[in-house]
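Here are my notes on the model you sent over.

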Amino acid sequence: MSDKTTALVTGANKGIGYEIAAGLGALGWRVGVGARDDARREEAVEKLQAAGVDAFGVPLDVTDDASVTAATASFDRLDVLVNNAGITGDRPQEPTQVSIDTMRAAVEVNVYGVVRVTNAFLPLLRRSAHPRIVNVSSGVGSLTRQTSGGETGPISAAYSPSKTFLNAVTVQYVKELADTNIKINLACPGYVATDLNGFRGHRTPQQGAATPIRLATLPDDGPTGGYFEDAGSIPW
Ligand SMILES: NC(=O)c1ccc[n+]([C@@H]2O[C@H](COP(=O)([O-])OP(=O)(O)OC[C@H]3O[C@@H](n4cnc5c(N)ncnc54)[C@H](OP(=O)(O)O)[C@@H]3O)[C@@H](O)[C@H]2O)c1
């Protein structure tokens, strides 16, 4: 078994996930680069390795049972799982116009994908002395913000509720795992310029990676069951 702290980041071939992998790698960690496309994954791994990161590719489509099960074979232990892969889904997303297929696709990746990957990797996380799970959510999943006039982006009947759903499911994990040493938290990266939003975000992917990295590297007396952005806790 490797002595190095070992992490898996899903959707790590680009955007915020890539920068989370780079940031954890810079700490001297071994980082599994989870990505569904072979060419994009290999390119990311090569770039990370060229930057000195102990990175390795993990073929991983979070919507596919067989892919997720096969991915577990790349590890003999996992210390940190970052569930970062996500999609916004097609437009339109006004609730009066959205297609059920668009809603289903968002939930399939952003919620069921997280459950599928988390449950497959839990036996490997249980072998760690300091296991951490970070679910990359979004402030747009906050019902409090959505209903109090906060800045929560465009109307989106698929993406925003999928993150609210992810938050709710994560709370159930927190309750079930309360008696273990597994810390599980939700991270919002802020509004980041990535493919996800046509690069309209005002933050860099490196800035977006900061809170996920902080939660991935929590000390043993750190929080669990929180919903965080750079500035602190997000209201549910
Ligand atoms: N950007 C923002 O402003 C913002 C704000 C709040 C939260 N977030 C969250 O941050 C996370 C990362 O998003 P991002 O902005 O970095 O977007 P991004 O650049 O579009 O990256 C998304 C990543 O998820 C992967 N992915 C999508 N579906 C997948 C699947 N079925 N299996 C495996 N991987 C899959 C993508 O892989 P491919 O390259 O193969 O498509 C890509 O690597 C998401 O959870 C997103 O909801 C982003």
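1. V82 has V134 of β5 as its bridge partner. That contact belongs to the pairing of strand β4 (residues 80-83) with β5, which is parallel and has four bridges; strands count as paired if DSSP finds at least two bridges between them. To get from β4 to β5 the chain passes through α4, and this β-α-β crossover is right-handed. Right-handed here means that, with the strands pointing away from you, the path from the first strand over the helix to the second runs clockwise.

2. Some ground rules. This is a predicted model, so local features need pLDDT of at least 70 and side-chain atom pairs count only at pLDDT 80 or more, while totals for chains, interfaces and linings use all residues. Residues are numbered from 1 along each chain as its sequence is written. Helices (H or I, at least four residues) and strands (E, at least two) are DSSP runs, numbered from the N terminus.

3. Back to β5. On its other pairing, β5 meets strand β6 (residues 183-187), again parallel, over five bridges, and V134 sits opposite N185 there. Strand β5 (residues 132-136) is largely enclosed by the rest of the structure because five of its five residues are buried. Buried means 20 or more other C-beta atoms within 10 Å of the residue's own, exposed means 12 or fewer, and partly exposed is in between, with C-beta atoms placed from the backbone. Both faces are covered: R132, V134 and V136 lie on one side, I133 and N135 on the other.

4. α4 deserves a look of its own. This helix has 26 residues and spans 35 Å from first C-alpha to last, close to the expected 38 Å; the expectation is 1.5 Å times one less than the number of residues. There is a kink of about 40 degrees centred on E108, where the bend is the angle between axes fitted to the seven residues ending there and the seven starting there. Its buried residues include A106, N110, R116 and F121.

5. Now β2. Strand β2 (residues 30-35) is mostly covered, with five of its six residues buried. It runs parallel to strand β1 (residues 6-9), joined by four bridges, and T6 stands opposite R30. The crossover from β1 through α1 to β2 is right-handed. β2 also pairs in parallel with strand β3 (residues 54-59) over six bridges, with A35 opposite P59. Another right-handed β-α-β unit is made by β2, helix α2 (residues 38-50) and β3.

6. What surrounds the ligand? There are 32 residues around it, and G11, G15, G86, T194 and L196 come nearest; a residue is near if its C-beta atom, placed from the backbone, lies within 6 Å. Two or more shell residues come from each of α1 (15-26) and α4 (100-125), and α1 gives the largest share, three residues. The shell splits into 13 nonpolar, 13 polar and six charged. (Nonpolar is Ala, Val, Leu, Ile, Met, Phe, Trp, Tyr, Cys and Pro; charged is Asp, Glu, Lys and Arg; the others, Gly among them, are polar.)

7. Two backbone spots to check. Most residues other than glycine have a negative phi, and most peptide bonds are trans. The R91 to P92 bond is cis, with omega near 0 degrees, and P92 lies in the loop between β4 and α4. F199, in the loop between β6 and α7 (205-216), has a positive phi near 60 degrees. F199 is exposed, with 10 other C-beta atoms within 10 Å.
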